[in-house]
Amino acid sequence: MSDVDVRTPVTVIGLGDMGVALAGAFLDAGHPTTVWNRTAAKADPLVARGATRAETPAEAVVAGPLVIVCVLDYEAVHGVLDPLADELRGRTVVNLTNGTPGQAREVATWADEHGIGYLDGGIMAVPPGIGTPQAFILYSGAREVFDAHKDGLEVLGAATYVGADPGAASLQDLALLTGMYGMFAGVLQSLALVRSAEVELPEFASTLLVPWISAMTTMVPHYADQMQRRAYGENVVSNLGMQSVALDNITRAHDEQGVGLELLAPLYALIRKRVADGHGAEDITGVAELLRAAKGARA
Ligand code: FVH
């Protein structure tokens, strides 16, 4: 049994769309739940469901051993938490605010210096999904802190530990979002192309686009293996030379239909460069070699 069970008091700071969903899940699971939000009225529906309203962040965090923070950004995180180092000593902060790995590590160092347990988290769900079987949340930080609170955190969604580096959850959260936005870019470009021919978009989407994209996701583990080993020419499925010819057709079709290709043009340019550099026999994964090392990149 972990330190947090159905009787353990939980504090939720930040009652935007996500914070309300998080606090609601704790209430539904029977946790005494204390809430605080900058705009106090947003707590009203939760108070009606049994939550305790704290008048100040300090009052909120001393209500229990586990403090969940879910605000807009890290500026807000620092604004709320930095003055509360004394009150938080000996408690655990689980910060579910979206941010960068560097921002997460910075807060973790601050927490460590003040005797505060700290987990950083990345929520992989939208607010209505919290507490459903589809929801999962990435956590990183000290393993013993995660183990102590895992059972309580499970009420929000599957609690998935990704490592001791406090920045790990944020990094993997942002990587998952990156994959999602890449997919959205392709979806929008695809729908724009067929819309130009007055195709019924909902039917095209449900009968063709979704099954096609779903089938293509089965390639992801193969691509991940190629990228892990930088073995872009091994077990090639669809060589880049062939793909670049198809890309020319996609480009011309957009021109013919009068649709701009802005969402995918950068990818196509990289593919053409990779082919021009002599890698036409490889899979698409080799295109990742063309990503420039960013300033400040970690090894
Ligand atoms: N909603 C979603 O779909 C995504 C799912 C994945 C995770 N994200 C992240 O969750 C964080 C909170 O998102 P949210 O959906 O709750 O966002 P809002 O509804 O816009 O609420 C923002 C809350 O932050 C409070 N806040 C903003 N600035 C400050 C500040 N300086 N000091 C204190 N609190 C602040 C705001 O308070 P108020 O405006 O109501 O007074 C809201 O409680 C976020 O990182 C997502 O990326 C959500």
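This briefing describes the ligand site and the strand sheet of one structure. The model is predicted: local features need pLDDT of at least 70, side-chain atom pairs count only at pLDDT 80 or more, and totals for chains, interfaces and linings use all residues. Residues are numbered from 1 along each chain as its sequence is written, and side-chain values use heavy atoms, with hydrogens and water left out.

**Surroundings of the ligand**

- The ligand has 21 residues around it, and Asn 37, Arg 38, Thr 39, Lys 42 and Asn 98 come nearest; a residue is near if one of its heavy atoms lies within 4 Å of the molecule.
- By class, this shell holds 11 nonpolar, 7 polar and 3 charged residues. Ala, Val, Leu, Ile, Met, Phe, Trp, Tyr, Cys and Pro count as nonpolar, Asp, Glu, Lys and Arg as charged, and the others, Gly among them, as polar.

- An N or O atom in the side chain of Thr 39 is 2.6 Å from an oxygen atom of the ligand.
- The backbone also takes part: a polar backbone atom of Leu 72 is 3.0 Å from a ligand oxygen atom, and a backbone N or O atom of Asn 98 lies 2.9 Å from an oxygen atom of the ligand.
- Taken alone, the ligand exposes 900 Å², of which the protein buries 73%; the areas come from the Shrake-Rupley method with a 1.4 Å probe.

**The sheet**

- An open sheet of mixed pairing is formed by 8 strands in the order E3-E2-E1-E4-E5-E6-E7-E8. Strands are DSSP runs (E, at least two residues) numbered from the N terminus, and two of them pair if DSSP finds at least two bridges between them.
- Strand E3 (52-53) and strand E8 (158-163) stand at the edges with a single partner strand each, so one side of each has no neighbour in the sheet.
- Strand E7 (residues 136-141) pairs with E8 in the parallel sense over 5 bridges.
- Ser 140 stands opposite Gly 163 in E8.

Conventions: Polar contact = N/O pair within 3.5 Å; in protein donor to acceptor, adjacent residues only side chain to side chain. Helix = DSSP H or I, 4+ residues; strand = E, 2+ residues; numbered from the N terminus.
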